[in-house]
Amino acid sequence: MKAFDYKQFYDRVGKQNGWDFSQVKSITEGLNWELFTEVRGLCTKSDMLLDIGTGGGESVLPIADNVLQLIGIDASASMIRTARANLEAAQKPNVRFIQMNAELLKFPDRHFDIITCRHSEFSAAEVARVLTDDGVFLTQQISEGNKLNLKQAFGRGQAYGVESGTLLRQYIAELREAGFTHIQSVLVQLTQYYQTSDDLLFILTHTPTIPDFGQYEHDMRSFNQFVADNMTNKGIRTNEERFAILARKH
């Protein structure tokens, strides 16, 4: 099976639609776990932090004041342009955003005290190489069961039909092979309500949840039916399923 080309997807979508996710209105119910909330509690003012797959930088910029230096990388040129525009507005002198492939990190060995990765691919071997021996790696990833009722409505979707937990097991195995010995994981399952159909439509046109959304004749019909079937007094109901991993070498 051909791997999904995330870089091509995000470059194309960014040019078409822009990246202002802040306009999306949704609420979640359930016991949450947020990557950068956890990171804020771990980092110190002397730490060097690398964020892999930083996107537009909105998620990581709020913790810039908690570290000595923050570097965000992304393979997508349009993502990095957005991140640099957000950085200019935020005025954080200790932050840099660089276009770079996660499979080949252009940094010295043992350079970062903390490495983060949210909803993006990473190379466990490269993370291990550029992380200090007493450093910590944290990642938050989308699980296979994410937005399952939405995928069922379309008959296709990101990791649709793959057993939940497959990617988690793969990443844990890769981290162990790369030399991490202390690995913890947590599964996060939430009920999510998008406030309007436009909010959900924004997600579908900006993420690969439903690949090639809008390019099939029946897509809008399926979308409207999904909204009608799942509308509640809280919003349009779906689910968010993700997992988190915290890994240390020692």
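Along the principal axes, the C-alpha atoms fill a box of roughly 50 × 40 × 35 Å. This is a predicted model, in which local features need pLDDT of at least 70 and side-chain atom pairs count only at pLDDT 80 or more, while totals for chains, interfaces and linings use all residues. Residues are numbered from 1 along each chain as its sequence is written, and side-chain values use heavy atoms, with hydrogens and water left out.

The protein chain holds 8 helices and 9 strands; helices (H or I, at least four residues) and strands (E, at least two) are DSSP runs numbered from the N terminus. Of the 250 residues, 48% are buried, where buried means under 20% relative accessible area, exposed over 50% and partly exposed in between, with a 1.4 Å probe and protein chains only. Among contacts (heavy atoms within 4.5 Å) between residues at least 6 apart in sequence, 69% join residues at least 24 apart.

Helix α7 (residues 197–206) packs with helix α8 (residues 219–230) at an angle of about 135°, their axes 11 Å apart. That angle makes α7 oblique to α8. Axes here are lines fitted to C-alpha atoms, for helices over the stretch in contact, and angles run from 0 to 180 degrees between N-to-C directions; those under 35 degrees count as roughly parallel, over 145 as roughly antiparallel, 65 to 115 as roughly perpendicular and the rest as oblique. S197, L200, L201 and L204 of α7 make the contact with M220, F223, F226 and V227 of α8.

Strand β7 (residues 182–194) includes V186, which counts as partly exposed because its relative accessibility is 32%. Beyond its neighbours within four places in sequence, V186 is in contact with W33, R242, F243 and A244. V186 and R96 are 90 residues apart in sequence and 30 Å apart in space, C-alpha to C-alpha.

Two loop residues remain. R110, in the loop between β4 (95–99) and β5 (112–118), has a positive phi of about 55° although it is not a glycine. H119 lies in the loop between β5 and α4 (124–130), and H119, also not a glycine, has a positive phi of about 55°. At 28% relative accessibility, H119 counts as partly exposed.
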